[in-house]
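Here is a short report on one structure. Look it over first, then read on.

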Amino acid sequence: MRLIFLVLFLFSSASAWGTGHLSTQTSESPLIGKAAPDAVLAKTDGTSTSVIRERQGKKAILVFWTTWCPHCYEDLGTINDSFASIEQKGIKIILVDVGEAKEDIKNYFNRRQMKLTSFVDEDSALQGPYHLIGVPTLIFIDEKGIIRSVTNEFPSDYENYFSVK
């Protein structure tokens, strides 16, 4: 499954790597206006829970990422530095690592001295339901669990992405 994800990712976004991040916002995503798909996954802290239930009825930014992705490295740094202020605004950050083992993710966080936790989607179970073609992919989910926007980078004006229809 990792190989399939990697091949799809490389073919679909090869030109984007040369220019930086992928498109800023994908308003034509088939996910927009639909309920966010769910799955129960393990987390790096040893617990398992529903990914969508993790948002606790709040707005959420669901971030699909990997440890080998240079753009994920940048976005996770921004998220780590801004985590408290984002959550103070009533927005949950939910990280989902795609296709990697829990120990690799924990080691990555330790090396970078990050206090983040992530869901571990080692089998890429959410790749299909979320139409993932590359990482990072950020899904903006409103309080009702409806997807409002999809993007491939962490925008500085992230609060505006919840009102996109």
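## A pocket, a loop and paired strands

The second largest pocket holds about 160 Å³ of space. A pocket is an open set of points on a 1 Å grid over the protein atoms alone, where a 1.4 Å probe fits, with protein on both sides within 12 Å along at least five of seven lines. Its volume is the space filled by probe spheres set on the points.

This is a predicted model: local features need pLDDT of at least 70, side-chain atom pairs count only at pLDDT 80 or more, and totals for chains, interfaces and linings use all residues. Residues are numbered from 1 along each chain as its sequence is written, and side-chain values use heavy atoms, without hydrogens and water.

The second largest pocket has 13 lining residues, meaning residues with an atom within 4 Å of a point. Glu54, Phe83, Ile93, Ile94 and Thr117 lie nearest its centre. S4 gives the most to this lining, four residues.

Now the loop. Gly33 sits between helix H1 (2-19) and strand S1 (40-43). Its C-alpha atom is 5.5 Å from that of Ile147, 114 residues apart along the chain.

Strands are DSSP runs of E, at least two residues; helices are runs of H or I, at least four. Strands pair if DSSP finds at least two bridges between them.

| Pair | Sense | Bridges | One bridge |
|---|---|---|---|
| S1 and S2 (48-50) | antiparallel | three | Ala42 with Ser48 |
| S1 and S5 (119-121) | antiparallel | two | Lys43 with Phe119 |

In the hairpin of S1 and S2, Gly46 takes a positive phi near 95 degrees.
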